[in-house]
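This report describes selected features of a predicted model. It considers strand pairing, helix packing and pockets in turn.

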Amino acid sequence: MSSQKNVLEVILSSSRSVFNIQSLRMLMNCENSQKLTQSLHYYIKEGKISNPRRGIYTKASYNEQEMACSLFRPAYISLEYVLQRAGVVFQYDDAITCISYLNRIVEIDDKTYQFRIINPKLWIGMEGIEQHDNILIATPERAFLDMVYLSAGNCYFDNLHPLNKTKVKRLLPLYQSKVLTMRATELLNLK
(Lines give C-alpha, C1' and ligand atoms only; values in the text may rest on other atoms or scores of the structure.)
Protein backbone atom coordinates (compact mmCIF):
# COMPACT_ATOMS: atom_id res chain seq x y z
CA MET A 1 0.00 0.00 0.00
CA SER A 2 2.92 2.39 0.42
CA SER A 3 3.18 2.99 -3.33
CA GLN A 4 -0.57 3.74 -3.38
CA LYS A 5 -0.16 6.28 -0.61
CA ASN A 6 2.70 7.88 -2.53
CA VAL A 7 0.60 8.11 -5.69
CA LEU A 8 -2.30 9.76 -3.88
CA GLU A 9 0.02 12.13 -2.00
CA VAL A 10 1.74 13.14 -5.25
CA ILE A 11 -1.57 13.77 -6.99
CA LEU A 12 -3.19 15.69 -4.14
CA SER A 13 -0.12 17.81 -3.37
CA SER A 14 0.56 18.70 -7.02
CA SER A 15 -0.47 22.03 -8.52
CA ARG A 16 -1.70 20.01 -11.49
CA SER A 17 -5.21 18.59 -11.57
CA VAL A 18 -4.93 16.38 -14.69
CA PHE A 19 -2.39 13.57 -15.13
CA ASN A 20 -1.43 10.74 -17.42
CA ILE A 21 0.85 7.78 -16.69
CA GLN A 22 3.92 9.49 -18.15
CA SER A 23 3.47 12.66 -16.09
CA LEU A 24 2.92 10.63 -12.90
CA ARG A 25 5.97 8.46 -13.60
CA MET A 26 8.06 11.62 -13.93
CA LEU A 27 6.61 13.21 -10.78
CA MET A 28 7.21 10.04 -8.77
CA ASN A 29 10.44 8.99 -10.43
CA CYS A 30 8.76 5.61 -10.92
CA GLU A 31 10.10 2.87 -13.16
CA ASN A 32 7.25 0.36 -12.83
CA SER A 33 4.19 1.48 -14.81
CA GLN A 34 2.24 -1.64 -13.88
CA LYS A 35 2.41 -0.92 -10.13
CA LEU A 36 1.55 2.70 -10.77
CA THR A 37 -1.50 1.70 -12.83
CA GLN A 38 -2.64 -0.71 -10.10
CA SER A 39 -2.35 2.06 -7.53
CA LEU A 40 -4.33 4.44 -9.71
CA HIS A 41 -7.11 1.90 -10.22
CA TYR A 42 -7.27 1.30 -6.46
CA TYR A 43 -7.83 5.02 -5.80
CA ILE A 44 -10.36 5.28 -8.62
CA LYS A 45 -12.38 2.49 -6.95
CA GLU A 46 -12.02 4.27 -3.59
CA GLY A 47 -13.32 7.50 -5.18
CA LYS A 48 -10.17 9.48 -4.32
CA ILE A 49 -9.31 10.27 -7.96
CA SER A 50 -11.21 10.12 -11.26
CA ASN A 51 -10.54 8.51 -14.62
CA PRO A 52 -12.76 10.52 -17.03
CA ARG A 53 -11.04 9.14 -20.13
CA ARG A 54 -8.72 6.25 -20.83
CA GLY A 55 -5.20 7.22 -19.78
CA ILE A 56 -6.29 10.45 -18.04
CA TYR A 57 -6.49 10.75 -14.25
CA THR A 58 -7.76 13.75 -12.32
CA LYS A 59 -8.33 15.11 -8.87
CA ALA A 60 -11.98 15.19 -7.77
CA SER A 61 -12.27 18.64 -9.34
CA TYR A 62 -10.00 19.64 -12.20
CA ASN A 63 -9.22 22.62 -14.40
CA GLU A 64 -11.02 22.25 -17.76
CA GLN A 65 -8.33 24.23 -19.57
CA GLU A 66 -5.71 21.87 -18.19
CA MET A 67 -7.82 18.93 -19.39
CA ALA A 68 -7.93 20.47 -22.88
CA CYS A 69 -4.13 20.70 -23.01
CA SER A 70 -3.70 17.16 -21.64
CA LEU A 71 -5.99 15.15 -23.91
CA PHE A 72 -3.81 15.26 -27.04
CA ARG A 73 -0.28 16.58 -26.75
CA PRO A 74 0.94 18.86 -28.11
CA ALA A 75 -2.10 21.14 -27.98
CA TYR A 76 -2.86 24.72 -27.06
CA ILE A 77 -6.14 26.54 -26.46
CA SER A 78 -6.99 28.93 -29.27
CA LEU A 79 -9.63 29.91 -31.83
CA GLU A 80 -13.18 30.76 -30.68
CA TYR A 81 -12.50 30.08 -26.99
CA VAL A 82 -9.75 32.71 -26.78
CA LEU A 83 -11.47 35.15 -29.13
CA GLN A 84 -14.70 35.05 -27.09
CA ARG A 85 -12.86 35.88 -23.90
CA ALA A 86 -10.97 38.71 -25.61
CA GLY A 87 -14.20 40.26 -26.92
CA VAL A 88 -13.39 39.67 -30.59
CA VAL A 89 -16.26 37.20 -31.11
CA PHE A 90 -19.55 37.75 -29.30
CA GLN A 91 -21.40 34.50 -30.05
CA TYR A 92 -20.97 32.31 -26.96
CA ASP A 93 -20.00 28.67 -27.22
CA ASP A 94 -19.14 26.62 -24.15
CA ALA A 95 -16.64 24.38 -26.00
CA ILE A 96 -12.93 24.73 -25.42
CA THR A 97 -11.30 24.98 -28.84
CA CYS A 98 -7.72 23.87 -29.32
CA ILE A 99 -5.03 23.53 -31.95
CA SER A 100 -3.41 20.11 -32.08
CA TYR A 101 -2.04 17.47 -34.43
CA LEU A 102 -5.51 16.00 -35.15
CA ASN A 103 -9.16 16.91 -35.69
CA ARG A 104 -11.32 15.56 -32.89
CA ILE A 105 -14.30 16.44 -30.70
CA VAL A 106 -14.27 14.95 -27.20
CA GLU A 107 -16.93 15.18 -24.49
CA ILE A 108 -15.92 14.76 -20.87
CA ASP A 109 -18.21 15.54 -17.92
CA ASP A 110 -20.65 17.50 -20.15
CA LYS A 111 -17.83 19.68 -21.50
CA THR A 112 -16.91 19.71 -25.19
CA TYR A 113 -13.27 19.90 -26.27
CA GLN A 114 -12.75 20.57 -29.96
CA PHE A 115 -9.34 20.01 -31.57
CA ARG A 116 -8.38 21.32 -34.99
CA ILE A 117 -5.28 20.30 -36.88
CA ILE A 118 -2.77 22.85 -38.06
CA ASN A 119 0.33 22.50 -40.20
CA PRO A 120 3.11 20.95 -38.05
CA LYS A 121 5.57 23.61 -39.29
CA LEU A 122 3.63 26.15 -37.22
CA TRP A 123 4.50 24.31 -34.01
CA ILE A 124 8.15 25.31 -34.32
CA GLY A 125 7.57 28.78 -32.92
CA MET A 126 5.76 29.20 -29.63
CA GLU A 127 5.40 32.93 -30.22
CA GLY A 128 1.94 34.10 -29.27
CA ILE A 129 1.36 31.11 -26.99
CA GLU A 130 1.51 31.68 -23.25
CA GLN A 131 2.09 29.04 -20.61
CA HIS A 132 0.23 29.32 -17.31
CA ASP A 133 1.09 26.38 -15.06
CA ASN A 134 0.12 23.34 -17.18
CA ILE A 135 -1.97 25.29 -19.68
CA LEU A 136 -0.84 26.52 -23.09
CA ILE A 137 -3.11 29.25 -24.43
CA ALA A 138 -2.85 31.47 -27.47
CA THR A 139 -2.85 35.24 -27.20
CA PRO A 140 -5.87 36.83 -28.91
CA GLU A 141 -3.58 37.81 -31.80
CA ARG A 142 -2.40 34.22 -32.34
CA ALA A 143 -5.97 32.90 -31.97
CA PHE A 144 -7.10 35.43 -34.61
CA LEU A 145 -4.42 34.28 -37.05
CA ASP A 146 -5.15 30.60 -36.31
CA MET A 147 -8.83 31.26 -37.03
CA VAL A 148 -8.19 33.08 -40.31
CA TYR A 149 -5.63 30.43 -41.34
CA LEU A 150 -7.96 27.48 -40.65
CA SER A 151 -11.15 29.03 -42.00
CA ALA A 152 -9.61 30.09 -45.31
CA GLY A 153 -11.04 33.54 -44.69
CA ASN A 154 -14.62 32.31 -44.15
CA CYS A 155 -14.97 33.66 -40.64
CA TYR A 156 -16.59 36.63 -38.98
CA PHE A 157 -15.25 38.79 -36.18
CA ASP A 158 -17.54 41.11 -34.22
CA ASN A 159 -14.89 43.44 -32.81
CA LEU A 160 -11.26 43.61 -33.95
CA HIS A 161 -10.32 46.53 -31.67
CA PRO A 162 -8.99 44.32 -28.80
CA LEU A 163 -6.27 42.96 -31.12
CA ASN A 164 -2.82 44.51 -31.01
CA LYS A 165 -1.92 45.12 -34.67
CA THR A 166 1.80 45.23 -33.90
CA LYS A 167 1.64 41.75 -32.36
CA VAL A 168 -0.33 40.44 -35.33
CA LYS A 169 2.33 41.80 -37.72
CA ARG A 170 5.04 40.14 -35.63
CA LEU A 171 3.26 36.76 -35.74
CA LEU A 172 2.37 36.74 -39.45
CA PRO A 173 5.80 35.50 -40.70
CA LEU A 174 5.39 32.30 -38.59
CA TYR A 175 2.59 31.13 -40.87
CA GLN A 176 4.61 31.57 -44.08
CA SER A 177 1.40 32.24 -46.00
CA LYS A 178 0.96 35.09 -48.44
CA VAL A 179 -2.80 34.47 -48.51
CA LEU A 180 -3.05 34.72 -44.71
CA THR A 181 -0.94 37.88 -44.72
CA MET A 182 -3.22 39.37 -47.34
CA ARG A 183 -6.41 38.44 -45.43
CA ALA A 184 -5.09 39.71 -42.07
CA THR A 185 -3.86 42.93 -43.68
CA GLU A 186 -7.29 43.49 -45.22
CA LEU A 187 -9.23 42.65 -42.04
CA LEU A 188 -7.10 44.81 -39.74
CA ASN A 189 -6.15 47.55 -42.23
CA LEU A 190 -2.48 46.83 -41.58
CA LYS A 191 0.06 49.04 -43.29
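## Strand pairing and the hairpin

Strands β2 and β3 (residues 56–58) run antiparallel and are joined by two bridges. Within this pairing, Arg 53 has Ile 56 of β3 as its bridge partner. The hairpin that β2 and β3 form has two residues between the strands. In that hairpin, Gly 55 adopts a positive phi near 85 degrees.

The pairing of β2 with β3 belongs to an open sheet of three strands, which follow the order β1-β3-β2 with antiparallel pairing.

## Packing of helices α2 and α3

How do the axes of helix α2 (residues 21–28) and helix α3 (residues 33–45) cross? They come within 11 Å, and the crossing angle is roughly 105 degrees. Because angles of 65 to 115 degrees count as roughly perpendicular, α2 is described as roughly perpendicular to α3.

On the α2 side, the contact is made by Ile 21, Leu 24, Arg 25 and Met 28. On the α3 side, Ser 33, Leu 36, Thr 37 and Leu 40 take part. By class, the contact of α2 with α3 consists of five nonpolar residues, two polar residues and one charged residue.

## The largest pocket

The largest pocket holds about 190 Å³ of space. Its lining draws on Arg 16, on Cys 69, Arg 73, Pro 74 and Ala 75, and on Trp 123. Gln 131, Asp 133, Asn 134, Ile 135 and Leu 136 also line the largest pocket.

Which classes of residue make up this lining? Six of the residues are nonpolar, two are polar and three are charged.

## The second largest pocket

The second largest pocket contains about 150 Å³ of space. Lining this pocket are Glu 80, Gln 84, Val 89, Gln 91, Tyr 92 and Asp 93, together with Met 147, Tyr 156 and Asp 158. In the lining of the second largest pocket, four residues are nonpolar, two are polar and three are charged.

Conventions:
Residues are numbered from 1 along each chain as its sequence is written. This is a predicted model: local features need pLDDT of at least 70, side-chain atom pairs count only at pLDDT 80 or more; totals for chains, interfaces and linings use all residues. Side-chain values use heavy atoms; hydrogens and water are left out. On a 1 Å grid over the protein atoms alone, a cavity is a set of points where a 1.4 Å probe fits but cannot get out, and a pocket is an open set with protein on both sides within 12 Å along at least five of seven lines; lining residues have an atom within 4 Å of a point. Grid points are joined across faces, edges and corners, and a volume is the space filled by probe spheres set on the points. Ala, Val, Leu, Ile, Met, Phe, Trp, Tyr, Cys and Pro count as nonpolar, Asp, Glu, Lys and Arg as charged, and the others, Gly among them, as polar. Axes are lines fitted to C-alpha atoms, for helices over the stretch in contact, and angles run from 0 to 180 degrees between N-to-C directions. Helices (H or I, at least four residues) and strands (E, at least two) are DSSP runs, numbered from the N terminus. Angles under 35 degrees count as roughly parallel, over 145 as roughly antiparallel, 65 to 115 as roughly perpendicular and the rest as oblique. Contact means heavy atoms within 4.5 Å. Two strands pair if DSSP finds at least two bridges between them.
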